[in-house]
Amino acid sequence: RSLGGPVQVPEVAPHRKLFETLGYHGSELYVLTQFPILSLAVVVLLQYQSVLPKEVLYAGMAWIFISVGAWAGIAERRAWAPPLEFFRLAIFPGLVFWGTMKQAPSVGLVALAGGLSLVSLLFLRYNLVKDRPIVT
């Protein structure tokens, strides 16, 4: 069935970039260092899904989705991305504590999560937030 005649596709010069967003300074390094933490969280949730309480499992899944969304916003330099990333990092130690609460809470694991969050928050504060967002 015809949709109204022939369609003319305009030509685009091969050297012209159609879409490019300048990311925050250091955003590639930041996401690259955060990705192993997220991967470990996915593995832990999959490994222990039968013994974790449903609330902890759902909270962990939400944290993973928030992580991916925040990183996409950071890559596109969205104004809402740094506050969302601050929130994600702030709740990480509490989520780790909550997940290990039924067993004996591992102080070392919670301290590691807190340390990783603190280092990430400092990196975020001094490298990503100082650049003004260009997209709202």
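Trainee: In which helix is the place of Gln34?
Mentor: This is a predicted model, in which local features need pLDDT of at least 70 and side-chain atom pairs count only at pLDDT 80 or more, while totals for chains, interfaces and linings use all residues. Residues are numbered from 1 along each chain as its sequence is written, and side-chain values use heavy atoms, with hydrogens and water left out. If helices are taken as DSSP runs numbered from the N terminus (H or I, at least four residues; strands are E, at least two), the place of Gln34 is in helix H1.

Trainee: Which residues is Gln34 in contact with, leaving aside its neighbours within four places in sequence?
Mentor: A contact here means heavy atoms within 4.5 Å. With neighbours within four places in sequence left aside, the partners of Gln34 are Trp71, Arg88, Leu89 and Ser120.

Trainee: Why is the pair of Phe35 and Trp71 given the class that it has?
Mentor: Rings of Phe, Tyr and Trp (its six-membered ring) pair if their centres lie within 6.5 Å, and planes under 30 degrees apart count as stacked, over 60 as edge-to-face and the rest as tilted. A search of the whole structure finds three aromatic pairs. For Phe35 and Trp71 the centres are 6.5 Å apart and the planes stand at 50°, so the class is tilted.

Trainee: How many residues apart are Phe35 and Trp71?
Mentor: Phe35 belongs to helix H1 (residues 27-47) and Trp71 to helix H2 (residues 54-75), so that the pair links distant parts of the chain. Phe35 is partly exposed at a relative accessible area of 48%, whereas Trp71 is buried at 7%.

Trainee: What is the angle between the planes of Trp63 and Phe92?
Mentor: Trp63 in helix H2 and Phe92 in helix H3 (residues 81-100) are 29 residues apart and also link distant parts of the chain. Both Trp63 and Phe92 are buried. Their aromatic pair is stacked, with 4.8 Å from centre to centre and, between the planes, an angle of 20°.

Trainee: What distance separates the end C-alpha atoms of H2?
Mentor: The expected span of a helix is 1.5 Å times one less than its number of residues. The 22 residues of H2 should therefore span 32 Å, and this agrees with the distance between its end C-alpha atoms, 32 Å.

Trainee: Which residue just after H2 takes a positive phi?
Mentor: Within H2 itself, the buried residues include Val56, Leu57, Gly60, Trp63, Ile64, Ser67 and Ala70. Just after this helix, a positive phi of about 60° is taken by Arg77.

Trainee: Which residues is Glu85 in contact with, leaving aside its neighbours within four places in sequence?
Mentor: Glu85 lies in helix H3, and at 0% relative accessibility it counts as buried. Apart from neighbours within four places in sequence, Glu85 is in contact with Tyr30, Ala70, Trp71, Ile74 and Leu124.

Trainee: Which residues does Gly99 touch, not counting those up to four places away in sequence?
Mentor: Gly99 is found in helix H3 and is buried, with a relative accessible area of 14%. The C-alpha atoms of Gly99 and Leu45 are separated by 9.8 Å, although the two residues are 54 apart along the chain. When residues up to four places away in sequence are not counted, Gly99 touches Leu52 and Val56.

Trainee: How far apart in space are Ala75 and Glu28, C-alpha to C-alpha?
Mentor: Ala75 is found in helix H2 and, at 45% relative accessibility, counts as partly exposed. In sequence Ala75 and Glu28 are 47 residues apart, while in space, C-alpha to C-alpha, their distance is 7.7 Å.

Trainee: What pattern does the chain follow along the sequence?
Mentor: Of the 136 residues of the chain, 28% count as buried. Among contacts with a separation of 6 or more, 69% are accounted for by residues 24 or more positions apart. The secondary structure comes to four helices and zero strands, and read along the sequence the pattern is α-α-α-α.

Notes:
Buried < 20%, exposed > 50% of the residue type's maximum accessible area, 1.4 Å probe, protein only.
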